[in-house]
Amino acid sequence: FFPTSLKIIESYAFCFAGFTELKLPDGLLVIGEGAFQACHALTSIHIPASVSEIGCGIGQGDHLQEITVDSANTIYQDIDGVLYDHTGKTLIEYPAGREGTYIVPENVTSISSYAFQSRNNLTKIILNEGLVDISSSAFFYCTGLTEITIPSSVSSIGSMAFCHCDNLTKINVNIQTPFAISESVFANTNNCPIYVPNESLEAYKTTQGWSAYA
């Protein structure tokens, strides 16, 4: 239990701590980057209504099943235990302890940096048509994934977004007109084949970033 006077939890303040339960106080304003990273005994985190800033990496405990948010919070919300912004359009953090398949909701337009980093228990993710932005390192080191399909609606993919997804065997890209990406987007994926629309193949071969995989 934290004191009710607490306003800020600094970055990495409780990294590797042995918490089994967390009760964050009403009045807390800021949770820093990685504040509860690698708290492997934690199964849930509840965000009070007062919190207005959350750094990335709070969901990386190996047994974390849910991140819930007080319904009165005006900045964040949870959808079935996954952390989103209040509009529900930006997926911010997926709990690392969950296994199996996750289907991204239809109205999501953005996946934040590190949202799925090292979620090794995730074996399949279905990205929604309507998704626009996949931020840097969004799926970094997701070693449980074997296949990914990038919808045609995506117009931005950040550096290292799928880097070190070591067990990918197939990458499907449904984008008709390729845009420039960093060469690191699909780095260290064991030469996994990337499938693109046949009519766009030549364009991919000459577009920055994609050409590295031609």
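**Notebook: charged and aromatic side chains**

I looked up Lys 205 and found a relative accessibility of 37%, so I recorded this residue as partly exposed (buried is under 20% relative accessible area, exposed over 50%, partly exposed in between, with a 1.4 Å probe and protein chains only). The model is predicted, so I note that local features need pLDDT of at least 70, that side-chain atom pairs count only at pLDDT 80 or more, and that totals for chains, interfaces and linings use all residues. Residues are numbered from 1 along each chain as its sequence is written, and side-chain values use heavy atoms, with hydrogens and water left out.

**Salt bridges**

In one, Lys 205 meets Glu 202 at 3.5 Å, N to O. Both residues belong to helix 1 (residues 201–206) and are three residues apart, about one turn of the helix. Helices (H or I, at least four residues) and strands (E, at least two) are DSSP runs, numbered from the N terminus. I found Glu 202 exposed, at 53% relative accessibility.

I then examined Arg 119 and Glu 93, whose side chains form a salt bridge at 2.8 Å, N to O. This pair links distant parts of the chain, 26 residues apart: Arg 119 is in the loop between strand 10 (110–111) and strand 11 (122–126), and Glu 93 is in strand 8 (residues 90–93). Arg 119 is buried, with a relative accessible area of 1%; Glu 93 is buried, also with 1%.

**Aromatic rings**

I next listed ring pairs (Phe, Tyr and the six-membered ring of Trp, centres within 6.5 Å; planes under 30 degrees apart are stacked, over 60 edge-to-face, the rest tilted). The count was 15 aromatic pairs. I classed Phe 162 and Phe 186 as stacked because their centres are 5.6 Å apart and their planes are at 10 degrees. Phe 162 lies in the loop between strand 14 (156–157) and strand 15 (170–173), and Phe 186 in the loop between strand 15 and strand 16 (194–195), 24 residues apart. Both Phe 162 and Phe 186 are buried. They belong to one aromatic cluster whose members include Tyr 94, Phe 139 and Trp 210.

I also checked for a charge over a ring (NZ of Lys or CZ of Arg within 6 Å of the ring centre and within 35 degrees of the ring normal). The charged end of Lys 170 sits over the ring of Tyr 195, 5.3 Å from its centre.

Methods:
Salt bridge = Lys/Arg side-chain N within 4 Å of Asp/Glu carboxyl O.
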